[in-house]
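The sequence and structure come first.

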Amino acid sequence: GKTINVTVAVYAWSTTADTLDLYYTANAASPSWTLIGSYKPTATGATTITKTYTLPSGTVQAVRGNFRYNGSASSCSTGSYDDHDDLVFATQ
């Protein structure tokens, strides 16, 4: 139930067409991704996006960042310029 910050570094070509979709799962071994939100970068080039969310119950959790060019929110979009990465971490 603790609120944490998630900071994601991206390289944005556009502040209107690029979007970061942030997801979390309480069980990294068998993920069921829940959308935290979709966020546009405020600048082009190398930039960071920081958001907060409340940790659910679970001992090994994960956060996924899916960075996409156009399209709609997805935990694993397949566009030519899209990419996603996960961070798995233990909680007490």
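The model is predicted. Asp21 has a relative accessibility of 0%, which places it among the buried residues because the limit is under 20%. Its side chain meets that of Arg68 in a salt bridge, with an N to O distance of 2.6 Å. The two residues are 47 apart in the chain, Asp21 in strand 2 (residues 18-25) and Arg68 in strand 5 (residues 60-69). Arg68 is buried as well, at 7% relative accessibility.

Side chains of opposite charge can pair when their charged atoms come close.

## The other salt bridge

The search of the whole structure gives two salt bridges. Besides the pair above, Arg64 and Asp86 form one, and their closest N and O atoms are 2.6 Å apart. Asp86 belongs to strand 6 (residues 83-90) and Arg64 to strand 5, so this bridge ties together parts separated by 22 residues in sequence.

In soluble globular proteins, nonpolar side chains tend to be buried together. Here the largest nonpolar core comprises 14 residues, and Val6, Val8, Leu20, Leu22, Tyr53 and Val63 have the most contacts inside it. At least two core residues come from each of strand 1 (3-12), strand 2, strand 4 (45-54) and strand 5. Strand 1 gives the most, with four residues.

Tyr53 is one of the core residues with the most contacts. Neighbours within four places in sequence aside, Tyr53 is in contact with Lys2, Thr3, Ile4, Val6, Tyr24, Ile36, Gln61, Val63 and Phe89. Among these, Val6 and Val63 are also listed with Tyr53 for the most contacts inside the core.

## Largest pocket

The volume of the largest pocket is about 310 Å³. It is lined by 20 residues, of which Val8, Ala9, Leu20, Gly65 and Asp85 are closest to the centre.

Sorted by class, the lining has 11 nonpolar, five charged and four polar residues.

Key: Residues numbered from 1 in each chain as written. Predicted model: local features only at pLDDT ≥ 70, side-chain atom pairs only at ≥ 80, totals over all residues. Heavy atoms only, no water. Salt bridge = Lys/Arg side-chain N within 4 Å of Asp/Glu carboxyl O. Buried < 20%, exposed > 50% of the residue type's maximum accessible area, 1.4 Å probe, protein only. Core = buried A, V, L, I, M, F, W, Y, C linked by side-chain atoms within 4.5 Å. Contact = heavy atoms within 4.5 Å. 1 Å grid on protein atoms, 1.4 Å probe; cavity = no way out; pocket = protein on both sides within 12 Å on 5 of 7 lines; lining within 4 Å. Points joined across faces, edges and corners; volume = space filled by probe spheres on them. Nonpolar A, V, L, I, M, F, W, Y, C, P; charged D, E, K, R; others polar.
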